[in-house]
Structures are given as structure tokens and as C-alpha cells.
Amino acid sequence: MHRYPHRNLVTGTLLAGAALAVLAACGTGPRGGTAKDTEATGATAATKGAAPAPAKKPTVPGLPGMPPVLDPKDVYAADRPGRLSPVVKDFPSRVYVPNTESDTVTVIDPKTYKVIETLQVGRQPQHVVPSWDLKTLWVNNNRGHTLTPIDPRTGRAGEEVEVHDPYNLYFTPNGRYAVVMASLDRELVFRDPHTMKRLRTEPVTCYGVNHADFSPDGRYFIVSCEFSGELLKVDTEKMKVVGQQKLPFEGAMPQDVKISPDGKRFYIADMMADGMWVLDGDKFTEPAFLPTGKGCHGLYVSRDSREMYVSNRGEGSVSVFDFTQNKLTKKWHLPDGGSPDMGGVSADGKVLWLSGRYDAEVYAIDTRTGEQIARIPVGSGPHGLAVYPQPGRYSLGHTGIFR
């Protein structure tokens, strides 16, 4: 999210050949774990000797302490509709909307599409972030230099915790550290995930660290730097930057980051290039580019791992990317326009919730048809809203990245 947003996005000329190149370069991947491996079922009458043992699925060696990967073909295997952790199964379903200019969090009941409460929080709340253990929602009060905890069971806000420049917040896959994206401080700050005590600081030379996602084994994560148009690769265990590159577009402003279900590619939204960068995270070579729409901003994976919803903030649309076909298949335009920004998918996968950054409203979109279900007035400057609870065993942070 650009800290000081404006409607007139400066874009460069993108050759149509670039889109063809990325489609050719990226290949195709599996449909996110929907097909099962064929296993030997026994010997035929003509077969002598014992039947071979069933083939075992390959395991992914993960970061020490990280929960085991459920399916090496789909990092989102735990995020299926309604598959709520016992920790959250009794939490009321809510949509929490941080309003950056109102210094509030609007709480919406997704069943009625009505605002039920407004919480006063610190200065310039940017994102509402589920904790690794799923028990707490952290409001990132960027200019207030605090985090406000919300108990998702009761909806009550707790006492603020002092944390400098908390633009965004992530958690390492083993739950050992919280990672604060200190955007203006130019730091990645590793903290205790419960007390938020500072444990290690990794200074960075890029400007505007803001979004991230982790490799399937959790051993590294990719970070976008919006103000300098760069990407970082960070070793999770060492808590060190091990790679850095400038995006090949003048004025690039990378935003949200999401990994593909098969773990082979990272997608990075770029609001100035008007599309997604497609990166091989392991090799960390120059990414390819795929145009989506003006002001490409947020990235959200469907509950079946087949598609990704891409919010185009500058044109009031959502592009739908099919992982298997490796291409954009649909584009949904909001009636009367809008500024779709950050958000999340409902627990049943049927509704995409997005904040309207410039319009003091929230959009509820039917993921089957692309039709707008509701348009709900909220506070000024709504940004990183969280739909909660969602399926998954643990949270990696942001507005809800679950594994």
C-alpha cells in the first residue's frame, strides 16, 4: 500500500510481447492438490510375490520448528472451505477494517453486511494482522508507533504495545518471531511474537519494505520495497538479507506478495507497472511481467487453490488469474467504480472482501460471479482489512496468510 496514495498513477508503456513472454516462461502447474497420487493397490492374479508398498508422498524439509507441510503440491492445502482450527472455531465471523485517516477499526458482520462496532485505535492503522497462534489480531498503528491487540473471541481491543514504525507485520513459519516491516526506518525487526520485544534488527538499503511471503519450506521469504522499486530475499533462520534486486521498470512500486500453490513462483503486485511480477524465488533471477490492470495492488488465493484474485485499485476492478492455465481468465468491474485495495476471502470461499482505499467503503464480491454483493460505508482511508476467522493451522501475518 502506498503510504501517501493518489488517484493518478503514473504508468509506463508495456509491450504486449511481455505478457506473452511471461506466459511462455512460467509453464503450468498443478491445480492445488485436488488430484491424488496414484498408488499401487496390490498384485494381479498373474503377479508373483508380495505387492509393492504404497508410494509415499515426498516430504518438504521445513524450517526447524515449522509445522509439517500437508501437501508438497499445495502450500494452501490447510485453507479449504470451513476447515477452521479448533483455536478459532468458536470465534464470531467478522470483517475488521483499519481506517488510516480516522484512526479507527470498523467491525462488520459478514452475514448481514452491516457495521456493528467502531473501535478507536492508534494513529494511522494500516493492517489488521492475525497472530501466528491465531489467538490475537494485531492492529498496526503506523504513525502511532504501537500495536493494538484485539481479542477475536470478544472483539475487544486491549492495551497498546509500543512498536516503532509498524507498517506491516508477519510471523516466521515456526512461530518463533514476529517480523515488523519498519518501512520508513528501513528495517526488518524480529520480535517476540507475544510480547513484541525487539530481538534482532536487520537494516535494509531499500526503501519502503511493506509486504512478504514465505517459501514452502519456510527457509526464506521475499519482501517488496515499494518506494525504491526493489525486492529482497531474506534467510528466515539467519534473519539476514541474502539477495536484493531492482525491478526492471522505471518507477516500479511493488505491493502485495503471494506464492503459487506449488511453491515454484512468487507473484508481486506493482501499482505503477499495472500488473504482477512473476519471480522464481529459489533462483531470485529477474522476474517476468504480466499486466493485470491499473494500480495492481492486492493478491488473494481462492479456497480451492485454483485461482488468485488481483485487485486493481486504479481502475476499480478485480482480475482473476488461473494457476493451472497460467493466465488471466476474467476481470470483474465494480459498478460505479471504486478503489479496491487489501482484504481477504471468506471462510467458505464465496465472498472476496476488499477495502475501498479512496472511497471510505468496503466491497463484498461474489467469487463465483464477480458481482458486487454489498458496498459498505466505513471510516476514512480503509486499508488492510482482515476477514476472521479463516481456515488454516497458523498465520504468517499480513491480512491473513494461512498455512
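The legends below describe close-up views of a predicted model.

**View 1. The disulfide between cysteine 206 and cysteine 225.**
A search of the whole structure finds one disulfide, and this bond joins cysteine 206 to cysteine 225 with an S to S distance of 2.1 Å. The pair links distant parts of the chain, 19 residues apart, with cysteine 206 in the loop between strand 12 (198–203) and strand 13 (209–214) and cysteine 225 in strand 14 (residues 220–225). The link of cysteine 206 and cysteine 225 is left-handed, with -50° about the S-S bond. Cysteine 206 counts as buried because its relative accessible area is 0%, and cysteine 225 likewise counts as buried because its relative accessibility is 0%. A further cysteine, cysteine 296, is also buried, with a relative accessible area of 0%.

**View 2. Strand 14 and its covered faces.**
Strand 14 is mostly covered, with six of its six residues buried. In a regular strand the side chains alternate between the two faces of the sheet. On one side of strand 14 lie Tyr220, Ile222 and Ser224, on the other lie Phe221, Val223 and Cys225, and all of these residues are buried.

**View 3. The pairing of strand 14 with strand 13 and with strand 15.**
Strand 13 and strand 14 pair in the antiparallel sense over five bridges, and among the paired residues valine 209 has cysteine 225 as its bridge partner in strand 14. The hairpin of strand 13 and strand 14 has five residues between the strands, and in this hairpin glycine 218 takes a positive phi near 75°. Strand 14 is also joined by six bridges to strand 15 (residues 230–235), and these two strands run antiparallel, with serine 224 standing opposite leucine 231 in strand 15. Strand 14 and strand 15 form a hairpin with four residues between them, where glycine 229 in the turn has a positive phi of about 65°.

**View 4. Strand 19 with strand 18 and strand 20.**
Strand 19 (residues 275–279) is mostly covered, five of its five residues being buried. Strand 18 (residues 266–270) pairs with strand 19 in the antiparallel sense over five bridges, and the bridge partner of aspartate 270 in strand 19 is glycine 275. Four residues lie between the strands in the hairpin of strand 18 and strand 19, where aspartate 274 takes a positive phi near 65°. Strand 19 is joined by four bridges to strand 20 (residues 288–291), again in an antiparallel run, and tryptophan 277 stands opposite phenylalanine 289 in strand 20.

**View 5. The largest pocket and its lining.**
The largest pocket holds about 200 Å³ of space, and the residues that line this pocket are Ser93, Pro110, Lys111, Tyr113, Ser346, Ala347, Asp348, Val351, Trp353 and Val387. By class, the lining has six nonpolar, two polar and two charged residues.

Technical notes
Residues are numbered from 1 along each chain as its sequence is written. This is a predicted model: local features need pLDDT of at least 70, side-chain atom pairs count only at pLDDT 80 or more; totals for chains, interfaces and linings use all residues. Side-chain values use heavy atoms; hydrogens and water are left out. A disulfide is a pair of cysteine sulfur atoms within 2.5 Å. Buried means under 20% relative accessible area, exposed over 50%, partly exposed in between (1.4 Å probe, protein chains only). Two strands pair if DSSP finds at least two bridges between them. On a 1 Å grid over the protein atoms alone, a cavity is a set of points where a 1.4 Å probe fits but cannot get out, and a pocket is an open set with protein on both sides within 12 Å along at least five of seven lines; lining residues have an atom within 4 Å of a point. Grid points are joined across faces, edges and corners, and a volume is the space filled by probe spheres set on the points. Ala, Val, Leu, Ile, Met, Phe, Trp, Tyr, Cys and Pro count as nonpolar, Asp, Glu, Lys and Arg as charged, and the others, Gly among them, as polar.
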